[in-house]
Amino acid sequence: MTATASAQTDARDLFTELTGAVPAGSWSAPGRVNLIGEHTDYNDGFVFPFAIDARTVAAVGVRDDRRIRVISTFDPVPVEVALADLDGLFPAHRDEIVEWARYPLGVAWALQDAARAAGRDPRSLGGVDIALASAVPVGAGLSSSAAIEGATATALNDVWGLELSPVALARAGRRAENDAVGAPTGIMDQMASMLGRADAGIFLDCRSLEAEVVDLGFTRAGLEVLVVDTRVSHAHSTGGYGERRAACERGARIMGVPALRDLTPADLDRARELMDDVTFRRVRHVVTEDQRVLDAVRLLRAEGPRSIGGLLDASHASMRDNFEISTPELDLAVDTARTAGAVGARMTGGGFGGAAIALVDHARVAEVAAAVEAAFAAAGFGAPHVFTVHPSDGAHRDR
Ligand code: GLA
């Protein structure tokens, strides 16, 4: 049984334990790997992620009152709130809710608001029970949080008859993450989880939210995406992520543009003169990374996936040296994978831990994985979790 199939069974079983009934349905949404375009989303720039074949499942049933109860395999204690109280909880009193439950409750809060904005009386939205189980590893930089948000949003959209678009559901997920959880993230993860397609990446303009589905052709080219979860876990609601974001906003202000998206590599000489070295290097990362995304999509279309290896490597070097969000474990994973024959490799996600990805020939996967494991052991690092992922479909109803 795959991890996602187990999550499907677990979510339904958990729902039945909680309520004594069978769920009305179950919905699921995937985690994501970002192929390239890191820390560009909240700078209104470009990203190129894909949804992965590991999903979070929400088994959902309606109640005859106006309360919402959530339970998950992360925590045996359910959390229950009146729908009418969600507005009072988020964002001001979010600390009263245990952290994992802020994701699904935050989505319910954001969707209730979206329903109100669309002219619907929130009192017409009925109570729900939601049981969550996830096959997306938590803290690995594969966006287990967007998977929870996507599964919950897709379920509530159907159960409440909201008829919101996938982009609107992604926005509700980001709002949950920003205001209910308190992590100042962009919208890449939610968009990838909502819009993913088998064998394809989502080329997204984070300013217009226009998304193009781009064929990746990995299977045809005999390539696999290997994930090295360093098991050094990260949290974006604390510290470094917010600092990086603030440095980017400072850089844009100094350059007199609305967002770093509005600069090109030709502006970097001027930027260097106008700002301190740290801010400049943050800006240089984002500006060159936006360009790498555009180059990657163009090259992929023209020459196929083997042609993007150098861009993956350059992206990693920039995150290590300019943005300074890599870790010794991520650097070792990337360097070892490259030396062992990967076409390209980079850390993926927000950084400060989490996972690296490597684009590897199908025939070399075992060799590259073994090389990374051996290098971690030799360096005295904890054993990484190494596995392959496949570009997969976004959020949907399962049954
Ligand atoms: C996290 C955030 C995203 C994005 C990445 C970095 O995954 O959730 O919005 O900013 O980090 O690219």
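Valine 227 has a relative accessibility of 0% and therefore counts as buried, a label given to residues under 20% relative accessible area, with exposed meaning over 50% and partly exposed in between (1.4 Å probe, protein chains only). This is a predicted model, in which local features need pLDDT of at least 70 and side-chain atom pairs count only at pLDDT 80 or more, while totals for chains, interfaces and linings use all residues. Residues are numbered from 1 along each chain as its sequence is written, and side-chain values use heavy atoms, with hydrogens and water left out.

Valine 227 belongs to strand S8; strands (E, at least two residues) and helices (H or I, at least four) are DSSP runs, numbered from the N terminus. Not counting residues up to four places away in sequence, valine 227 touches several residues, among them Val33, Leu142, Ala355 and Phe387, where contact means heavy atoms within 4.5 Å. Although valine 227 and alanine 355 are 128 residues apart along the chain, their C-alpha atoms are separated by 6.5 Å.

Glutamate 224 also lies in strand S8, which spans residues 223-229. The side chain of glutamate 224 does make a polar contact of 3.0 Å with that of histidine 390. A polar contact is a pair of N or O atoms within 3.5 Å; within protein, one must be able to donate a hydrogen and the other to accept it, and residues adjacent in sequence count only if both atoms are side-chain atoms.

Turning to the ligand, 13 residues surround it, and the closest are Glu38, His39, Asp41, Asp189 and Tyr241; a residue is near a molecule if one of its heavy atoms lies within 4 Å of it. Polar side-chain atoms lie 2.7 Å from a ligand oxygen atom for glutamate 38, 2.5 Å for aspartate 41 and 2.5 Å for tyrosine 241. The protein covers 98% of the 310 Å² of accessible area that the ligand has on its own, as computed by the Shrake-Rupley method with a 1.4 Å probe.

Histidine 39 sits in the loop between strand S1 (25-36) and strand S2 (46-62). Its phi is positive, about 60°, although histidine 39 is not a glycine.
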